[in-house]
Amino acid sequence: MGEEIFRGIPASPGISMSIAYVYSRSKTIVDISELSKKDIENELLDFEKAIQLSLKELKKIHSISTERIGEEKSKIFDVQIEILNDTLFLNQVKERIIKENKTAGFIFDNEISKIENVLMAGDEYMRERISDFTDVKNRVIRNMKREKLVSKVEENSIIVAHELTPADTILFSRRKVQGYITDLGGVTSHAAIISRALRVPAVVGTKNFSKNVLTGDFLIIDGFNGVVILNPSKETIETYGRRLIEVKEYEQKLFKVIDLPSETKDGKKIELSVNIEFDEEIDFVTKYGHCDIGLYRTEHLFLEAGDFPPESYQVKEYTHISEVTYPKCVTIRTYDIGGDKLLPSSQKEDNPYLGWRGIRICLDREEIFKEQLSAILRASTKKNIKILFPMIFSIDEVRRAKEILEEVKVSLAKKGKLFDSHIKVGIMIEVPSAVFLAEELAKEVDFFSIGTNDLIQYILAVDRGNERISDRYQEFHPAVLRAVFKVIQAAHKNKIPVSVCGEMASYKLASIVLIGFGADELSVTPSEFTEIKSIIRSVNFKELKKFALTLLELPTEKEIKKEVNNFFENLIIN
Ligand code: PEP
Ligand code: MG
């Protein structure tokens, strides 16, 4: 078969050559194969795990649902939970697995189908209950597959999928994946951010690549240029082999700046920190970067646990981060669940990005918020933790969040617990209303962190994860630059510092504009740390400031981009 080239959006840099694993999430087809005697024990264990996981998911959905639509309407989940708690029924399934040597999926499907058939013959009320059973059946079968899915993926594969959720991406990362290729998705979709965090090349938005490839096919993924090559020729493999060596050499060159000061040629200090998504990435901070963590996302705790983790677990996690980062600081962002950061089984909303997300969930579910704040405070005794609230859209919201924080402090003090009573509190500026209120918001908090990933999508009304409109997701749109500039001005007028933690800070062309606008800190993906530091060390702040201000006069993205490109081309990177 000849070589075929596919193009998508470059979402995470790097090159890999390996075999494909094609992943499809939506199918709940049962495995009808016969089991050998030695597989039966594992099958029973997997079945039990899938039941427990399904119960956990259903309980979570039930509690969210009760919160949102009331107890009465949430009863449907009670019925589903009851089915999975029916030990008599489950034992029957297990006995049949042992006796018939068939997969748990097959027997479970068969047993539930029997019940569905009985209901089908009943009255209208009975027939309406069929979907409860079908839902439970699909959930358990899917969860059985998820368990096996990870172990079925050969280590070092390139994952190809129509779409990947953050949970899928995390799950696969345990198999040393060499790349992610998806038909859907944009550069700032969370699956893309996670790939960058994992330092694994990714190409998203290929539209239909997954339909053209089979598990086991040989691929080259070029995450720098958004190119995927199926069945590459010998010459192409050699060319990419040479490119890989060049990339390694370039990285080594950049690595030399890692411990040099993060300041411009004319001596302006720019704090360069990193965004951390997973524990594995902390190595970068401790071994190489020796820098602050400008954004510690806590959603992974929720994604991995499938639920909000208990306070004690969080205390351990945050204490660990504080200790390994010390004497540098870590900014812990409270849960930003919602948008595309929900588990696939969670409640669906028509417009999740405009829905129940981030601080909204925390303010509506105070007990969860208080547990997280309490855990952060208890971990703050080294005084190197800052708290960051995401998705703030009003003054009331930030005041309420701060009030809750104070309540938690009082309660901890009463219990004699130690914590940093002067812990710094900041907010993400990522919603357009916060840009307009920046002056007032700056009076409420100790710092701002601009989340350009969301800010761009909300200012331009362009979904950050939709590849069809990815050309309209423009960091150099004049409205975006003016908003960012306005926020920095408002913060400085009120004497608070501004960090930029969205992907714009990791994008070399945009980073120079942010520095020119006066951003005090850039919090970047660890893989871009050395490159952005080299840029900071190569620019003259005074010159850059003058240049950046001229961009605010330009009316189109095209003109701005052209100017930035010209400036960058003339820059000599040390
Ligand atoms: C952002 O929106 O820019 C940001 C950093 O937050 P997240 O990508 O986690 O939504
Ligand atoms: Mg955001």
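Trainee: In which loop does Pro327 lie?

Mentor: This is a predicted model, where local features need pLDDT of at least 70, side-chain atom pairs count only at pLDDT 80 or more, and totals for chains, interfaces and linings use all residues. Residues are numbered from 1 along each chain as its sequence is written. Pro327 sits in the loop between helix H12 (311-325) and strand S11 (330-333); helices (H or I, at least four residues) and strands (E, at least two) are DSSP runs, numbered from the N terminus.

Trainee: Which residues does the cis peptide bond join?

Mentor: Most residues other than glycine have a negative phi, and most peptide bonds are trans. Here Tyr326 and Pro327 are joined by a cis bond, with omega about 5°.

Trainee: What is the phi of Asn156, and where is the residue placed?

Mentor: Asn156 is not a glycine, yet its phi is positive, about 70°. Asn156 falls in the loop between helix H6 (130-152) and strand S4 (158-161).

Trainee: Is Lys383 buried or exposed?

Mentor: Buried means under 20% relative accessible area, exposed over 50%, partly exposed in between (1.4 Å probe, protein chains only). Lys383 has 58% relative accessibility, so Lys383 counts as exposed. Asn156, at 35%, counts as partly exposed. Lys383 also has a positive phi, near 60°, and lies in the loop between helix H14 (366-378) and strand S12 (385-389).

Trainee: How far apart are the centres of domain 2 and domain 3?

Mentor: Domain bounds come from an automatic or database domain assignment. Domain 2 is 37-144 and domain 3 is 257-569; their centres, taken over C-alpha atoms, are 41 Å apart.

Definitions and conventions. Chains are lettered from A and ligands numbered from 1 in the order in which they are written. Side-chain values use heavy atoms; hydrogens and water are left out.
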